[in-house]
Amino acid sequence: MSHDHSSDPNRRDFLKIGGAAVVAGATAIRGGADVAAAEQGAYNAMFTTPPIETVRVGYVGVGLQGSGHVRNLLRIPGCRVTAVCDIRSERTDWATKAIVEAGQPAPAVYNRGPRDFERLCETEDLDLVYTATPWEWHVPVMLSAMKNGKHAATEVPAAMTVDDCWAMVEAAEKHRKHCLMMENCNYDRMEMMVFNIVRQGLFGELLHAEGGYLHDLRGIKFENRNEGLWRRAWSQKLDGNPYPTHGLGPVANCLDINRGDRFEYLVSMSSPSRGLQDWAAEHFPLDAPQRQEKFVLGDVNTSLIKTARGRTIMVQHCTNLPRPYSRIHMVQGTKGLFQGYPNRVYIEGRGRNDQWVPANDVLAEFEHPLWKEIAEQAQGAGHGGMDYIEDYRLIKCLREGLPLDMTVYDAAALSAVVELSGMSVARRGRPADVPDFTKGRWRTTPPLPIVHM
Ligand SMILES: NC(=O)c1ccc[n+]([C@@H]2O[C@H](COP(=O)([O-])OP(=O)(O)OC[C@H]3O[C@@H](n4cnc5c(N)ncnc54)[C@H](O)[C@@H]3O)[C@@H](O)[C@H]2O)c1
């Protein structure tokens, strides 16, 4: 999963020191105004690929989240799930049954171990390989897909190391394939409404944003199935933010990240780690192996990202402590702000001074058109419908040859925060530069539009 990029001039500022990757010096914003028009044209062209009438999908990892996506894909027009892969045959059995019940032919099945997705990518005639495997498998699956001429999509985060972020970018550019991180929170109703308000200019110039993933996962991390089998292990090896994209995705869109601005550097600090140790002590007998496990992930990790245009984004992670769910979701501009959990807005000159307006009171006025158009169809799908909407958009864009709502550069920039936050934590909060995965072209890439069904 790790790639040696030491000889790549675009990455010469990314050094390996004593086995730990450390970002040194300023990551130069290369290109910029001097990016040749031809190169820019090729870059823009990367966002679109020829239309595909019926999108044939190979799904890798049909556990909790993957099975939700398969269910969505089976009811999206012009989409067929023709191959499935999982290390557990009961999951490929489940997927086969679901696909046949939806009236599609039984899929080709790949369940001969953790690298059987390679056989799927090599053998099957597919347009898209989509994965919801544990984090460490996302990049290997997508690289195999692109190498074999397929578009790639993954659950979040796309990658856990900066090297793997570069590997995705290089493969997408080399093979001219989409490599998409499926950040479902970008499609949630409030997030889309806020994006719509931002686009209408009502918050003025955005200066600061906050997001996060604050979700009590202690019970889930200790389960003997699903995420319990792999997610807890990341709390033993990374002290940083292993899951930054739910918080960052929606606010990055509002701030035009990679489309007029970009993440330049970050600083990160973690609190002590107590939650999982305490949980194990309370739930397992003295001699249980879980009581011996050592966790390094600070229970509350806080990172602050500075953008090239000088704006700031706070992103937090907290999954080991008792607390109600929150993604924070705040954007502050020169004329007002939105603050999530609970959802409220303040727009200067509207309503009373210093008084929040409940977000539901402005929903009718500012609802994103996509939500108006698709809400009924999305009802009952995962995470309040947003998972259906993201899957719908992916298939629609592939079918029509439209640019996807996120690019490989977004997948890389948002996922890079995983390793970079860990580096900053390890170095007493020293800044870690975020590589410019676009090589300067973030300056000229047009902003994300208001998309429709
Ligand atoms: N966007 C969201 O809201 C959201 C919610 C839940 C999970 N997720 C993401 O989805 C992914 C999976 O999470 P989950 O909760 O479904 O976990 P899970 O453990 O339920 O599912 C993972 C599946 O992958 C299979 N698998 C493991 N290694 C494999 C390999 N090498 N090849 C093929 N299959 C393999 C497992 O058997 C399992 O069925 C993770 O990236 C997670 O972050 C996202």
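How much space lies in the largest pocket?

Modeller: This is a predicted model, in which local features need pLDDT of at least 70 and side-chain atom pairs count only at pLDDT 80 or more, while totals for chains, interfaces and linings use all residues. Residues are numbered from 1 along each chain as its sequence is written, and side-chain values use heavy atoms, without hydrogens and water.

The largest pocket holds about 970 Å³ of space. A pocket here is an open set of points on a 1 Å grid over the protein atoms alone, where a 1.4 Å probe fits, with protein on both sides within 12 Å along at least five of seven lines; lining residues have an atom within 4 Å of a point. Its volume is the space filled by probe spheres set on the points.

The lining comprises 41 residues, and those closest to the centre of the largest pocket are L64, Q65, A132, E227 and W230. Two or more lining residues come from each of the elements α2 (64–74) and α4 (116–123), helices being DSSP runs (H or I) of at least four residues. With three residues, α2 gives the most to this lining. Sorted by class, the lining of the largest pocket contains 21 nonpolar, 12 polar and eight charged residues; Asp, Glu, Lys and Arg count as charged, and Gly as polar.

The ligand takes up the space of this largest pocket (more than half of its atoms lie within 2 Å of the grid points). Around the ligand stand 26 residues, with Q65, D86, W135, N226 and E227 the closest; each has a heavy atom within 4 Å of the ligand. The shell around the ligand consists of 12 nonpolar, nine polar and five charged residues.

Several polar contacts (pairs of N or O atoms within 3.5 Å) may be described individually. A polar backbone atom of Q65 is 2.8 Å from an oxygen atom of the ligand. A nitrogen atom of the ligand lies 3.0 Å from a backbone N or O atom of P114. In the case of W230, an N or O atom of the side chain is 2.9 Å from an oxygen atom of the ligand. On its own the ligand has 830 Å² of accessible area, of which the protein covers 94% (Shrake-Rupley method, 1.4 Å probe).

For reference, the second largest pocket holds about 220 Å³ of space. Its lining has 13 residues, and R259, P403, L404, P447 and P449 are the closest to its centre. By class, the lining of the second largest pocket has nine nonpolar residues, one polar and three charged.

Note on methods
Polar contact = N/O pair within 3.5 Å; in protein donor to acceptor, adjacent residues only side chain to side chain.
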